[in-house]
Amino acid sequence: MVKKYVLSARPAPTPITEPVTKLGGQPVWLGEPCWPLSKTLGEPMRFIGQIVIDPAIFGECEARMAYLFMTESDAHVDGTWIPDGGENAVILQPGVWSEPSAPLREGPTLSERIFDDNRALIEEQSREYAVELRSGDDPERLDESEFEVSGNWERFCEYVEESKIGGTPAFLQHPEYPDAGVWRLLAQLNSTIVPTGPNFGDAGIGYVFLSEDKQTARFLWQCS
(Lines give C-alpha, C1' and ligand atoms only; values in the text may rest on other atoms or scores of the structure.)
Protein backbone atom coordinates (compact mmCIF):
# COMPACT_ATOMS: atom_id res chain seq x y z
CA MET A 1 0.00 0.00 0.00
CA VAL A 2 1.08 3.60 -0.64
CA LYS A 3 0.66 6.19 2.13
CA LYS A 4 -1.34 9.33 1.46
CA TYR A 5 -3.14 12.24 3.08
CA VAL A 6 -6.65 12.91 1.78
CA LEU A 7 -7.29 16.65 1.47
CA SER A 8 -10.33 18.72 2.31
CA ALA A 9 -10.43 22.51 2.39
CA ARG A 10 -12.32 25.30 4.12
CA PRO A 11 -12.11 29.11 3.87
CA ALA A 12 -9.37 30.53 6.08
CA PRO A 13 -10.75 33.17 8.49
CA THR A 14 -7.39 35.01 8.52
CA PRO A 15 -4.33 34.93 6.24
CA ILE A 16 -2.22 31.80 6.70
CA THR A 17 1.38 32.87 7.27
CA GLU A 18 2.82 29.57 8.53
CA PRO A 19 4.68 27.08 6.27
CA VAL A 20 1.78 24.62 6.06
CA THR A 21 -0.18 23.07 3.19
CA LYS A 22 -2.82 25.50 1.91
CA LEU A 23 -4.62 26.65 -1.23
CA GLY A 24 -4.71 30.24 -2.44
CA GLY A 25 -3.58 33.26 -0.48
CA GLN A 26 0.08 34.14 -0.83
CA PRO A 27 3.10 31.82 -0.71
CA VAL A 28 4.91 31.43 2.59
CA TRP A 29 8.40 31.24 1.13
CA LEU A 30 11.01 29.16 2.94
CA GLY A 31 13.78 30.90 0.98
CA GLU A 32 14.02 33.86 -1.35
CA PRO A 33 10.80 34.60 -3.29
CA CYS A 34 10.80 32.96 -6.73
CA TRP A 35 7.57 33.73 -8.59
CA PRO A 36 7.48 31.97 -12.00
CA LEU A 37 6.54 33.92 -15.12
CA SER A 38 4.32 32.84 -18.00
CA LYS A 39 6.33 31.92 -21.08
CA THR A 40 3.66 33.47 -23.34
CA LEU A 41 2.79 36.62 -21.40
CA GLY A 42 5.92 37.28 -19.37
CA GLU A 43 3.63 37.94 -16.41
CA PRO A 44 3.48 36.27 -12.97
CA MET A 45 1.54 33.01 -12.95
CA ARG A 46 -1.34 32.50 -10.53
CA PHE A 47 -0.48 30.89 -7.19
CA ILE A 48 -2.60 27.79 -6.60
CA GLY A 49 -1.19 26.55 -3.33
CA GLN A 50 1.70 25.14 -1.35
CA ILE A 51 2.26 21.54 -0.26
CA VAL A 52 4.42 20.37 2.61
CA ILE A 53 6.69 17.50 1.53
CA ASP A 54 6.22 15.27 4.55
CA PRO A 55 9.03 12.74 5.24
CA ALA A 56 6.38 10.37 6.63
CA ILE A 57 5.05 10.07 3.07
CA PHE A 58 8.08 10.78 0.87
CA GLY A 59 11.07 9.87 3.03
CA GLU A 60 14.04 12.16 3.53
CA CYS A 61 14.06 15.04 1.07
CA GLU A 62 16.04 18.28 0.90
CA ALA A 63 12.98 20.17 -0.34
CA ARG A 64 10.39 20.80 2.36
CA MET A 65 7.76 22.73 0.41
CA ALA A 66 6.34 22.66 -3.13
CA TYR A 67 4.66 25.79 -4.52
CA LEU A 68 2.24 25.28 -7.41
CA PHE A 69 1.58 27.96 -10.04
CA MET A 70 -0.29 28.10 -13.34
CA THR A 71 -0.94 30.78 -15.93
CA GLU A 72 -4.52 32.07 -15.73
CA SER A 73 -5.37 35.24 -17.62
CA ASP A 74 -8.17 36.95 -19.50
CA ALA A 75 -5.91 36.54 -22.52
CA HIS A 76 -6.08 33.05 -23.99
CA VAL A 77 -2.95 31.08 -23.15
CA ASP A 78 -2.63 27.53 -24.42
CA GLY A 79 -0.73 24.64 -22.91
CA THR A 80 -1.28 25.12 -19.18
CA TRP A 81 -1.69 21.33 -18.88
CA ILE A 82 1.77 20.56 -20.32
CA PRO A 83 4.49 19.73 -17.76
CA ASP A 84 7.26 21.65 -19.56
CA GLY A 85 5.18 24.13 -21.58
CA GLY A 86 6.21 27.18 -19.58
CA GLU A 87 2.65 27.87 -18.38
CA ASN A 88 2.76 26.05 -15.06
CA ALA A 89 5.45 25.58 -12.45
CA VAL A 90 6.26 23.72 -9.25
CA ILE A 91 8.87 25.56 -7.18
CA LEU A 92 10.68 23.46 -4.56
CA GLN A 93 12.29 25.09 -1.54
CA PRO A 94 15.00 24.53 -0.62
CA GLY A 95 15.80 23.96 -4.26
CA VAL A 96 16.86 25.54 -7.54
CA TRP A 97 14.58 27.08 -10.19
CA SER A 98 16.25 27.99 -13.49
CA GLU A 99 13.24 29.20 -15.51
CA PRO A 100 12.10 32.86 -15.76
CA SER A 101 10.90 34.24 -12.42
CA ALA A 102 10.59 37.43 -10.39
CA PRO A 103 11.49 38.04 -6.71
CA LEU A 104 7.87 38.71 -5.73
CA ARG A 105 6.51 37.95 -2.27
CA GLU A 106 2.94 38.52 -3.43
CA GLY A 107 1.17 38.09 -6.74
CA PRO A 108 -1.94 36.68 -8.47
CA THR A 109 -3.73 33.99 -6.47
CA LEU A 110 -6.99 32.05 -6.36
CA SER A 111 -9.78 34.60 -6.51
CA GLU A 112 -13.52 35.09 -6.81
CA ARG A 113 -15.00 37.47 -9.34
CA ILE A 114 -17.82 39.70 -8.04
CA PHE A 115 -20.41 40.86 -10.61
CA ASP A 116 -23.29 43.35 -10.46
CA ASP A 117 -26.87 42.58 -11.49
CA ASN A 118 -25.97 43.24 -15.13
CA ARG A 119 -23.09 40.71 -14.96
CA ALA A 120 -20.52 43.48 -15.13
CA LEU A 121 -17.34 42.74 -13.17
CA ILE A 122 -17.13 44.81 -10.00
CA GLU A 123 -13.98 43.41 -8.43
CA GLU A 124 -11.85 40.31 -8.02
CA GLN A 125 -11.33 39.17 -4.42
CA SER A 126 -8.49 36.88 -3.43
CA ARG A 127 -9.38 33.69 -1.57
CA GLU A 128 -7.41 31.45 0.77
CA TYR A 129 -8.25 27.99 2.10
CA ALA A 130 -6.96 26.00 5.06
CA VAL A 131 -6.43 22.32 4.41
CA GLU A 132 -7.33 19.37 6.59
CA LEU A 133 -5.42 16.11 6.18
CA ARG A 134 -6.66 12.58 6.80
CA SER A 135 -4.22 9.65 6.71
CA GLY A 136 -4.94 6.80 4.32
CA ASP A 137 -3.47 4.29 1.88
CA ASP A 138 -3.76 3.62 -1.84
CA PRO A 139 -3.17 0.40 -3.80
CA GLU A 140 0.18 0.19 -5.59
CA ARG A 141 -1.66 0.79 -8.88
CA LEU A 142 -5.01 2.21 -9.87
CA ASP A 143 -5.85 0.75 -13.26
CA GLU A 144 -9.14 1.92 -14.75
CA SER A 145 -9.66 -1.27 -16.78
CA GLU A 146 -9.20 -3.51 -13.75
CA PHE A 147 -11.91 -1.68 -11.83
CA GLU A 148 -14.21 -1.77 -14.85
CA VAL A 149 -13.76 -5.53 -15.34
CA SER A 150 -14.38 -6.21 -11.66
CA GLY A 151 -17.61 -4.18 -11.74
CA ASN A 152 -16.22 -1.66 -9.25
CA TRP A 153 -16.21 1.37 -11.54
CA GLU A 154 -17.71 3.69 -8.93
CA ARG A 155 -14.82 3.00 -6.58
CA PHE A 156 -12.33 4.00 -9.26
CA CYS A 157 -14.26 7.23 -9.80
CA GLU A 158 -13.92 7.95 -6.09
CA TYR A 159 -10.14 7.61 -6.38
CA VAL A 160 -10.11 9.95 -9.39
CA GLU A 161 -12.19 12.63 -7.69
CA GLU A 162 -10.10 12.56 -4.53
CA SER A 163 -7.65 15.34 -3.65
CA LYS A 164 -4.60 14.01 -1.84
CA ILE A 165 -0.92 14.27 -1.02
CA GLY A 166 1.07 11.16 -1.90
CA GLY A 167 -0.68 7.94 -2.77
CA THR A 168 -1.13 6.56 -6.27
CA PRO A 169 -2.29 8.70 -9.21
CA ALA A 170 -5.83 7.98 -10.42
CA PHE A 171 -5.87 9.39 -13.93
CA LEU A 172 -9.01 10.98 -15.30
CA GLN A 173 -7.91 9.98 -18.81
CA HIS A 174 -4.92 7.78 -19.68
CA PRO A 175 -1.80 7.32 -17.50
CA GLU A 176 0.44 10.34 -18.10
CA TYR A 177 3.76 11.36 -16.53
CA PRO A 178 6.09 14.33 -17.13
CA ASP A 179 8.55 12.20 -19.10
CA ALA A 180 9.98 8.70 -19.29
CA GLY A 181 11.73 8.98 -15.91
CA VAL A 182 10.54 7.65 -12.58
CA TRP A 183 8.03 9.99 -10.95
CA ARG A 184 6.23 9.81 -7.60
CA LEU A 185 2.84 11.42 -7.11
CA LEU A 186 3.30 14.45 -4.86
CA ALA A 187 -0.31 15.61 -4.99
CA GLN A 188 -3.56 15.08 -6.86
CA LEU A 189 -5.94 18.06 -6.85
CA ASN A 190 -9.55 18.06 -7.95
CA SER A 191 -10.34 21.52 -9.35
CA THR A 192 -13.62 21.49 -7.42
CA ILE A 193 -11.93 21.13 -4.02
CA VAL A 194 -12.59 24.86 -3.51
CA PRO A 195 -15.28 27.11 -5.08
CA THR A 196 -12.60 29.27 -6.69
CA GLY A 197 -10.68 26.24 -7.92
CA PRO A 198 -7.98 26.55 -10.58
CA ASN A 199 -8.95 26.20 -14.23
CA PHE A 200 -8.10 22.60 -15.05
CA GLY A 201 -10.59 22.56 -17.92
CA ASP A 202 -13.99 20.88 -17.51
CA ALA A 203 -14.02 19.38 -13.98
CA GLY A 204 -10.32 18.68 -14.34
CA ILE A 205 -7.79 17.00 -12.09
CA GLY A 206 -4.24 18.26 -11.51
CA TYR A 207 -1.27 15.97 -10.86
CA VAL A 208 1.96 17.11 -9.20
CA PHE A 209 4.91 14.74 -9.52
CA LEU A 210 8.24 14.51 -7.69
CA SER A 211 11.29 13.15 -9.53
CA GLU A 212 13.12 10.04 -8.37
CA ASP A 213 16.01 12.11 -6.96
CA LYS A 214 13.52 14.51 -5.31
CA GLN A 215 15.27 17.51 -6.89
CA THR A 216 12.55 18.40 -9.40
CA ALA A 217 8.76 18.57 -9.51
CA ARG A 218 6.42 18.83 -12.49
CA PHE A 219 2.71 19.43 -13.00
CA LEU A 220 0.06 18.44 -15.54
CA TRP A 221 -3.73 18.33 -15.61
CA GLN A 222 -6.40 16.33 -17.37
CA CYS A 223 -10.07 17.07 -17.93
CA SER A 224 -13.12 15.09 -18.99
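The protein has 18 positive and 36 negative side chains, with the centres of the two sets 5 Å apart. Here Lys and Arg count as positive and Asp and Glu as negative, while His and the chain ends are not counted; each charge is placed at NZ of Lys, CZ of Arg, CG of Asp or CD of Glu.

The model is predicted: local features need pLDDT of at least 70 and side-chain atom pairs pLDDT 80 or more, whereas totals for chains, interfaces and linings use all residues. Residues are numbered from 1 along each chain as its sequence is written, and side-chain values use heavy atoms, leaving out hydrogens and water.

Three helices and 14 strands make up the list of elements, which are DSSP runs (helices H or I, at least four residues; strands E, at least two) numbered from the N terminus. Of the 224 residues, 46% are buried, meaning under 20% relative accessible area with a 1.4 Å probe and protein chains only, against over 50% for exposed and partly exposed in between.

Helix α3 (residues 153-161) has F156, Y159 and V160 as its buried residues. These residues lie on the same side of α3 because their arc around the axis is only 100°, judged by the directions from the helix axis to the C-beta atoms. Exposed E154 and E161 sit on the face turned away from the buried side of α3.
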